[in-house]
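Work through the following exercises with the model open beside you. Each task is followed by a stepwise solution.

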Amino acid sequence: MTDQMTTPDSILVSGITSEPGLNGEYVLNGTFRGDKLQWMKPMSRCYIRFIRDRWELYVSHHPSGTTYFYHPDRSVELPPTSGYIPAPCSGPDEVLSLEYKHKAPPTCEYVLYTNKACPFAQQVHIVMQELGIDHDDDSSLQKAQNTTSKQLKLVERKLVDIFSKNDVDFINSYYKAYPSKTQRPAIPLLVGALPDNKHVSIAESKLIMEYLMEEVEMRTGEKSKLIPSPPSSSFAKAQVGIFVHAVNREIFPCINSILNSSNLERLESAIDKLMEALGCIETMLKRSEMNIEDDTSNQSYFLGSDFSLAEAKTAPCFQRVLLVVPELRPELAFVKSLRQFDKDSGGHQEHQGDTTILVRMVRTKFPAVSKWLASVFNHPSVVATFHKEDVTAVLKRARVNKFDMPTRSEEQQAFKHTKNKMEDLLLSRKMPSPKV
């Protein structure tokens, strides 16, 4: 009647004509009343479960529920694939058929639930490619990695929609890592199994990166170049940590500030904050191991010649603020502090803006940041993991669509008001004529 030896990951239901919505795939959904397994059709209350001492296809839309089919054999541990009896609410001639579905065996030891737009997921993607353990790694990166770790291919990526409730495996795995009722499942999420059959489920990009680096070092005996080497490793790690903290604290918020600006005044304020933040990063890079003066030097990363976590953890942020945000906010061309960097500055309302305006601003005002970013933006793992179209689509939804630009008369009126104020100020400071 059925293979009662192997638990199916899902069950395909067919043969129902009176209620065709009951047909389809039912996925494993824990146990019912802590006893036998049950399968649920996603986004529904339709179940295959052991209830009333028998296997039923059952809809739980009220406490008693509605039974559509049931099986007379009460001794089996798993739902039989045939032999079901229609309940009164089903057609008497309907024949229910179940088909067991099993997942393909994993090709890797770990699965990374992720997507192509999340900056924190991209951080993990960069580290995976640097370590040579990304199952989906581009072959062009193999030359840059050591041969030993490249053979590991430990991690396979699985793209998920974090706003969908259909991916039961992702949702269940997340709550194993972080069982909070108030926390919405988020990516990236790393899952797998240890040799002793213990389940691995790790949330948060920082923890995932640390875990993977330690795992590769344990298996290969090779310490990753992503972290500083002795003798000054402790201080260098602290420097990398505060640099990453500064980017997250100072630069990251500017993305939302610029995209959420609904008028020119707020946009100018957001750009002022971005320039202050870039000034902080400029100072930190000048104090780093970079060689700022020599353009031919390969000392172009935070720790000198080696790409490290300083770049892996911050590159996604800079890619978004400098390469994506200007495309979504063409009004940057009207910001006073940026007009000198606009390659098509005419001050016209019809002007759609310059998508490279922030890059050229950085190149002019922040030479250390510019040199550093030139190396970071062209680094193979950073290029391979940046999916601009996906990032743009997500940030576009976060943007304030209505932007109130001042009219020409309003600009002239503001200019006249400022001019009058300045003239009044100058007159008030004019020295009185000397008495004769």
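Predicted model: local features only at pLDDT ≥ 70, side-chain atom pairs only at ≥ 80, totals over all residues.

**Exercise 1.** Determine how far helix H10 is enclosed, and by what.

*Solution.* Step one: count. Helix H10 spans residues 367-377, and nine of its 11 residues are buried. Among them are Val369, Trp372, Leu373 and Phe377. Step two: conclude. With nine of 11 buried, H10 is largely enclosed by the rest of the structure. Step three: name the cover. It includes helix H5 (233-259), helix H6 (264-286), helix H8 (315-328) and helix H9 (357-365). Step four: follow the rings. Trp372 is linked by ring pairs into a cluster with Phe243, Phe302 and Phe318.

**Exercise 2.** Which residues touch the most other members of the largest nonpolar core?

*Solution.* Step one: this core has 81 residues. Leu212, Ile251, Phe318 and Leu338 touch the most other members. Step two: take Ile251 and leave aside neighbours within four places in sequence. Its contacts include Ala246, Leu274, Leu278, Ile281, Phe318 and Val321. Step three: look for another core. A second, separate one has 20 residues, including Ile11, Val59, Phe69 and Leu98.

**Exercise 3.** Give the strand order of the eight-stranded open sheet and find its edges.

*Solution.* Step one: the order is S7-S6-S5-S4-S3-S2-S1-S8, with antiparallel pairing. Step two: read off the ends. Strand S7 (85-86) and strand S8 (97-101) each have a single partner strand, so one side of each lacks a neighbour in the sheet. Step three: inspect one pair. Strand S4 (residues 46-51) and strand S5 (residues 54-59) run antiparallel and are joined by six bridges. Cys46 has Val59 of S5 as its bridge partner. Step four: check for charges over rings. Arg54 lies over the face of Tyr70, 4.0 Å from the ring centre. Lys36 lies over the face of Phe50, at 3.9 Å.

**Exercise 4.** Describe strand S12 and its pairing with S11.

*Solution.* Step one: strand S12 (residues 199-203) is mostly covered, with four of its five residues buried. Step two: five bridges join S12 to strand S11 (residues 189-193), and the two run antiparallel. Gly192 is bridged to Val200 in S12.

**Exercise 5.** Classify the aromatic pair of Tyr110 and Tyr211, and state what the pair ties together.

*Solution.* Step one: the whole structure holds 11 aromatic pairs. Step two: in this pair the centres are 5.8 Å apart and the planes make 80 degrees, which is edge-to-face. Step three: Tyr110 is in strand S9 (residues 110-114) and Tyr211 in helix H4 (residues 205-220), so the pair ties together parts 101 residues apart in sequence. Step four: Tyr110 is buried, at 1% relative accessible area.

Notes. Residues numbered from 1 in each chain as written. Heavy atoms only, no water. Core = buried A, V, L, I, M, F, W, Y, C linked by side-chain atoms within 4.5 Å. Buried < 20%, exposed > 50% of the residue type's maximum accessible area, 1.4 Å probe, protein only. Contact = heavy atoms within 4.5 Å. Pairing = 2+ DSSP bridges. Phe/Tyr/Trp six-rings, centres within 6.5 Å; stacked < 30°, edge-to-face > 60°. Lys NZ or Arg CZ within 6 Å of the ring centre and 35° of its normal.
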